[in-house]
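Please look at the sequence and the structure below. The paragraphs that follow lead through them, one part after another.

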Amino acid sequence: MVFVMALFSLLAWLGLTFFHGQFWIGGPWLRRGLKARRWKNGLPAVAVIVPARDEAASISACLSSLLGQDYQGRYHVFLVDDESTDGTGDIARRVPDPQGRLTVLDGKPHPAGWSGKLWAVGQGQEEALEFLPADGYILLTDADIVHKEDHVSSLVERAQSENIDMVSEMVKLNCACFWEKVFVPAFVYFFAMLYPFRRIADPQSPVAGAAGGTVLIRRKMLEMIGGIQTLRDALIDDCTLGVRVKEAGGRLYLGCSEQAWSIRTYQTLGEIWHMIARNAYVQLEFSPWNLLKALAGMVLIWFLPVRLLLFGRGKNRVVGGCAYALSCITFMPTLRWFNLSWWRVLSLPLVAAFYMMATVGSAVNHYRGKGVSWRGRSYEGAES
């Protein structure tokens, strides 16, 4: 019986590694940022929408990087101050803007039926559509992200040269303190496992997703799916947007960025726990059955191989060791992206246990009526 379970564990890892979109090789180690070419008909216009709620610590760096882009086409940044209480809007208005490419909007009160971020994005969308011609692009980004000066140019280059309707990139998360180095790389690793980048890019695959830190979408495609308002109650807005675009026949790209990074820090275990638990049960569609399947799957692919490697005998130890080795091999590209040492793969089962507990915590919060909490707001969204 133990050997059968060990074999199932190994087969599960073989399936993840070689058949599930080859999730471990979908990042910047394959496809780096592109440099913009001179297009015969000129570069398309780009409108950037930045929703911001209580982002005083990061908004200046974010806007400075966006206003310092080398993009040669029409370009404008719309920041929506989402009822901040820390002076985010005032700080934004003081950011140097010599070319007049920034508009700061005071967000209207948050109505029922909308998630806060999407309500802010929706208000920015109204202004952006007035600015953009029909062939323009909208760039959605967060207020804690800093961009290299050629980032927007490379995003448009990829969209134009490969005829992609929505280009999204997983920005590099802050990974400086001890707890960040232990737990943050796995966040990207598990995300790519759930949403393999290659399958997202495959028009024949039903898998769709995006990373909200950087999303460049054609105006025509956004209008085709009905605009941001069709997502208004989505709690995982980026992946929901990817699903809508793919359902409408649009082409997607998702990769890992070398040109944008988050400056939001996670100094404590509690902050990292909240980052995971905030949306974990939403990903499982608020389903106890899906939660049980997820927990069983994590035991099978993370904990059983380690147990067999340490305490098994004969062929059980060999099979368990092979499964554990596959997990280590697939995690190494993510560590390399974060510029971390290879030996950190050894702690992956313990990291997986932490994510497993945070997922259970997310479900407990839901049934206690806490919903999804962010920036002083709680949501009970009906859509995953």
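**Salt bridges and other features**

The side chains of Lys172 and Glu258 form a salt bridge, with 3.7 Å from N to O; a salt bridge here is a side-chain nitrogen of Lys or Arg within 4 Å of a carboxyl oxygen of Asp or Glu. This pair links distant parts of the chain, since Lys172 is in strand S6 (residues 166-172) and Glu258 in strand S8, 86 residues apart. Helices (H or I, at least four residues) and strands (E, at least two) are DSSP runs, numbered from the N terminus. Lys172 counts as buried because its relative accessibility is 19%, and Glu258 counts as partly exposed because its value is 29%. Buried means under 20% relative accessible area, exposed over 50%, and partly exposed in between (1.4 Å probe, protein chains only).

The model is predicted: local features need pLDDT of at least 70, side-chain atom pairs count only at pLDDT 80 or more, and totals for chains, interfaces and linings use all residues. Residues are numbered from 1 along each chain as its sequence is written, and side-chain values use heavy atoms, with hydrogens and water left out.

Why can such pairs form? Side chains of opposite charge can pair when their charged atoms come close. How many salt bridges does a search of the whole structure find? The search finds nine. One of them joins Arg264 and Glu55, whose closest N and O atoms are 2.8 Å apart. Arg264 lies in the loop between strand S8 (252-262) and helix H10 (269-283), and Glu55 in the loop between strand S1 (46-52) and helix H2 (59-67), so the pair ties together parts that are 209 residues apart in sequence. Arg264 counts as buried at 16% relative accessibility, and Glu55 counts as buried at 8%. A network of salt bridges links Glu55, Asp144 and Arg264.

Arg219 pairs with Glu223, the closest N and O atoms being 3.0 Å apart. Both residues lie in helix H8 (residues 219-224), four residues apart, which is about one turn of the helix. Arg219 is buried, with a relative accessible area of 15%, whereas Glu223 is partly exposed at 41%.

Now take the protein as a whole. Its secondary structure comes to 13 helices and 10 strands. Of its 384 residues, 57% count as buried. Contact means heavy atoms within 4.5 Å; among contacts between residues at least 6 apart in sequence, 81% join residues at least 24 apart. The protein exposes about 17,200 Å², and carbon and sulfur atoms supply 58% of that area. Accessible areas come from the Shrake-Rupley method with a 1.4 Å probe, and for residues only the protein chains shown count as cover.

The loop between S8 and H10 also holds Tyr266. Tyr266 is buried, with a relative accessible area of 13%. Apart from its neighbours within four places in sequence, Tyr266 is in contact with Cys177, Glu180, Glu271, Ile272 and Met275. Tyr266 and Val184 are 82 residues apart in sequence, and their C-alpha atoms are 8.7 Å apart in space.

Cys177 is buried at 17% relative accessible area, and Cys175 counts as buried at 16%.

H13 has 20 residues and reaches 29 Å from its first C-alpha to its last, close to the 28 Å expected at 1.5 Å a residue; the expected span is 1.5 Å times one less than the number of residues. Among the buried residues of H13 are Leu348, Val351, Phe354, Tyr355 and Met356. The buried residues of H13 pack against helix H6 (178-194), H10, helix H11 (288-311) and H12. Just after H13, Gly369 takes a positive phi of about 85°.

Met332, Trp342, Trp343 and Leu346 form a nonpolar surface patch with about 480 Å² of accessible area together. Patches are made of residues with over 30% relative accessible area and no salt bridge, where like charges are joined within 9 Å and nonpolar side chains (Val, Leu, Ile, Met, Phe, Trp, Tyr) within 5 Å.
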